[in-house]
Amino acid sequence: MALLLSVLVLASVAHAAQNVTGAAASSAAQQPIDPWLVVIIIVVIAAIIYLWYTRSRPTEEKMGYYSGTDEANRVIIGYKHPCRYCGKLIPPNSNVCPFCAKDNPLGPLRCPRCMNPIDKEWKKCSGCGQELSVKCPFCGENTFFADYCEKCGARLVVKCPSCLKEQPPLGEKCIKCGKLLPTKQPNKKA
């Protein structure tokens, strides 16, 4: 590429010198600019810009991008995020942690009714007013109304015996079929 660039530069210089000597030999009449000279100058400038651009850009390996199956599980800082429960790095679009198998491992805690972000110190949701202290349907202890019971570790969902819909314990009736939910769920974790 450098050889081509130097040939183009020499050709443009020789062509310009030929035009200058030809212009000096002729009378004082002005000659129009040769279109080939313009094309050569544009090509030389484009080649210089291309060389500068390709040399100044880092390659993919230097930037930290990888491809292929061997590199797919490589931890890249800023890409994977820590699970809120176990702290291991997981992909940013995870709905379930692949290590501890808990749901909703990323992002803020959310209200089970309106999905507004909530905080552990809050008594009520700022969006819908939902009480954020609930009785765990598995151990019967009062706990913060997030995804899991703080006491027994069970997921804070109840299963309707009629339609089998899993839902947060928001009330006495199923949100799908409207039938009464049991007051105590079978003892299970996660």
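**Before selecting anything**

This is a predicted model, in which local features need pLDDT of at least 70 and side-chain atom pairs count only at pLDDT 80 or more, while totals for chains, interfaces and linings use all residues. Residues are numbered from 1 along each chain as its sequence is written, and side-chain values use heavy atoms, with hydrogens and water left out.

**The whole chain**

Begin with a cartoon view, where the protein shows three helices and six strands, arranged along the sequence as α-α-α-β-β-β-β-β-β; helices (H or I, at least four residues) and strands (E, at least two) are DSSP runs, numbered from the N terminus. Of the 190 residues, 24% are buried, where buried means under 20% relative accessible area, exposed means over 50%, and partly exposed covers what lies in between (1.4 Å probe, protein chains only). With a surface displayed, the accessible area comes to about 13500 Å², of which 59% belongs to carbon and sulfur atoms; such areas come from the Shrake-Rupley method with a 1.4 Å probe, and for residues only the protein chains shown count as cover. Among contacts (heavy atoms within 4.5 Å) between residues at least 6 apart in sequence, 24% join residues at least 24 apart.

**First stop: a nonpolar patch**

Select Ile33, Val38 and Ile42, which make a nonpolar surface patch of about 300 Å². Patches are made of residues with over 30% relative accessible area and no salt bridge, like charges being joined within 9 Å and nonpolar side chains (Val, Leu, Ile, Met, Phe, Trp, Tyr) within 5 Å. Ile33 sits in the loop between α1 (2–25) and α2 (35–56), and its relative accessible area of 66% makes this residue exposed.

**Second stop: the salt bridges**

Next select Arg155 and Asp103, whose side chains meet in a salt bridge at 3.0 Å, N to O. This pair links distant parts of the chain, 52 residues apart, with Arg155 in the loop between β4 (142–144) and β5 (158–159) and Asp103 in the loop between β2 (89–90) and β3 (133–135). Arg155 is partly exposed, with a relative accessible area of 25%, and Asp103 is also partly exposed, at 21%.

Then move to Glu150 and Lys120, which form a salt bridge with their closest N and O atoms 3.3 Å apart. Here too the pair links distant parts of the chain, Glu150 belonging to the loop between β4 and β5 and Lys120 to the loop between β2 and β3, 30 residues apart. Glu150 counts as partly exposed at 44% relative accessibility, and Lys120 is partly exposed with a relative accessible area of 48%.

To complete the set, select Glu131 and Lys124, where the closest N and O atoms of the salt bridge are 3.6 Å apart. Glu131 counts as partly exposed at 40% relative accessibility, as does Lys124 at 46%.

Now show the rings of Tyr85 and Tyr148. The structure has one aromatic pair, for which the rings of Phe, Tyr and Trp (its six-membered ring) must have centres within 6.5 Å, with planes under 30 degrees apart counted as stacked, over 60 as edge-to-face and the rest as tilted. Tyr85 and Tyr148 form an edge-to-face pair, 5.3 Å centre to centre with 80 degrees between the planes. Tyr85 lies in the loop between β1 (81–82) and β2 and Tyr148 in the loop between β4 and β5, so the pair ties together parts that are 63 residues apart in sequence.

Not counting residues up to four places away in sequence, Gln167 touches Leu156, Val157, Val158, Cys160, Lys173, Cys174, Ile175 and Leu181.

Finish at Pro169, in the segment after β6, which is buried with a relative accessible area of 17%. Leaving aside neighbours within four places in sequence, Pro169 is in contact with Val134, Phe145, Leu156, Val157 and Val158.

Technical notes
Salt bridge = Lys/Arg side-chain N within 4 Å of Asp/Glu carboxyl O.
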